[in-house]
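Trainee: Before I use the labels on this model, I would like to see where they come from.

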Amino acid sequence: MAQYVIAIDQGTTSSRAIIFDKAGSIVSTGQLEHAQIFPQAGWVEHDPMEIWNNTREVIGQALSKANLTRHDIAAVGITNQRETAVIWDRTTGLPVYNAIVWQDTRTQPIVDRLAADGGVERFKAKVGLPLATYFSGTKIVWILENVEGARAKADAGQLMFGTTDSWVLWNLTGGLEGGVHATDVTNASRTMFMDLETLQWDDDILAAFDVPKSMLPEIRSSSEVYGIVNEHSLLREVPIAGILGDQQAATFGQAAFDQGEAKNTYGTGNFLIFNTGTEIVHSKNGLLTTLGYKLGTDAPHYALEGSIAVTGALVQWLRDNLGMISSSEEIETLAKTVDDNGGAYFVPAFSGLFAPYWRSDARGALVGLTRFVNKGHIARAALEATAFQTREVLDAVNADSGVPLTEIKVDGGMIANNTLMQFQADILGVPVVRPVVAETTALGAAYAAGLAVGFWGSLDELRANWQEDSRWTPQMSEEEKNRQLRNWKKAVTKTFGWVDEDVV
């Protein structure tokens, strides 16, 4: 009898396969990074073929490390970087262009064109999202308008679009040999094309974007059997039974299943999700309305989300672009060489500012510099930027919900940084709680898949798996917290209006 579930976590910087047991504990992991491609300023791409090849390899790594075979695996779950767009040819199976990543800002002229009639909130009442470069819709338009032959192929029904969950699913289930072209409601809700109420692609919005409906995957629930792994895979004949966009998966992995529960993920960017239950809540404070999850034929659960573009990516930038550190883990050591930020504030608006500002004209700024500031202060300012941005998103969540959160569950790679977690608790003014299993994104995908095949019997069984590992409580004085927040907000305003027509 199969004793495990495997989750494929196709993320922004790497692809992983993680095997979980019945208690939700990690058995083994395989991981490979893929190239971050920057053709010019503001452009971010990935090679879909590299992602697919890495996915196959990490599955092998995870099975090998645990000395398991496909017979030990009950189901496969998939989670993914949500808004990254892949378009491929249904006759060759090959991408027509690199995947355009969620951080990419090249589509701003398309956003402006669509916003000319009705503003950036033109479609928000229906899809829960403002017009922004962040979402998949404008990325599809860019490829159709800029890749030679793409428009003609799309109009002829020859092209397929998917976020990376769809790309992995299609290939795992056979690709050209009968691959399943589908996505789940959480990923569909990040395209700008799905009606939040009907959970279907909206014909009027597709017409406004001039995107053929034939390109799009079928929208399914987050927990059901989509297909069986193809015979060419190490997982052949295992059902693929769960798909959740990465932030929704992390929320599910945190067992935040009910209205009023929330989590904050610290990854390449930061994403705070607040479960609003079966009610669609439209934000008045710069948040997104999105799908939380849908289990089979059950009613969908919705959420408010505060999306921050750059948090962990700032640490990577200090490592890769400036060479200030040689590994991401060194950022905490460097930050601890000083007692505070020395008056320096770092606003990492590399892709503009997401929630709650939605300022595409912003760019990154390091302000408050004096001769006193050294690289330790800059490292601390980089970490603090994550906490400050999270505070602004939490303020928006509290304003929209009317019920202030009394603690926040956290997950993602940066929560290993104790210095950041303490500063986060100080700036939020509420406890920050880390679970025993920090890989909640992969765990959420595993849970969705396991529920669909009966590996786990209920949400209560999953709740019982959640365990607290660490808790940080606020220690900063109210006066100091308010001073820091005042300076942060002042720093944020310095990033506004940087982009002109001749500046990307």
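Mentor: What follows takes a few labels in turn and sets each against its definition. This is a predicted model, in which local features need pLDDT of at least 70, side-chain atom pairs count only at pLDDT 80 or more, and totals for chains, interfaces and linings use all residues. Residues are numbered from 1 along each chain as its sequence is written, and side-chain values use heavy atoms, without hydrogens or water.

Trainee: Why is Ile-228 called partly exposed?

Mentor: Buried means under 20% relative accessible area and exposed over 50%, with partly exposed in between (1.4 Å probe, protein chains only). Ile-228 has 41% relative accessibility, so it counts as partly exposed. Ile-228 lies in strand E11, residues 223-228; strands are DSSP runs of at least two residues (E) and helices of at least four (H or I), numbered from the N terminus.

Trainee: What makes H12 largely enclosed by the rest of the structure?

Mentor: Of the 27 residues of H12, 23 are buried, so the helix is largely enclosed.

Trainee: What makes E15 and E16 a pair?

Mentor: Two strands pair if DSSP finds at least two bridges between them. Five bridges join E15 to E16 (residues 301-308), and the two run antiparallel. Leu-291 stands opposite Tyr-302 in E16.
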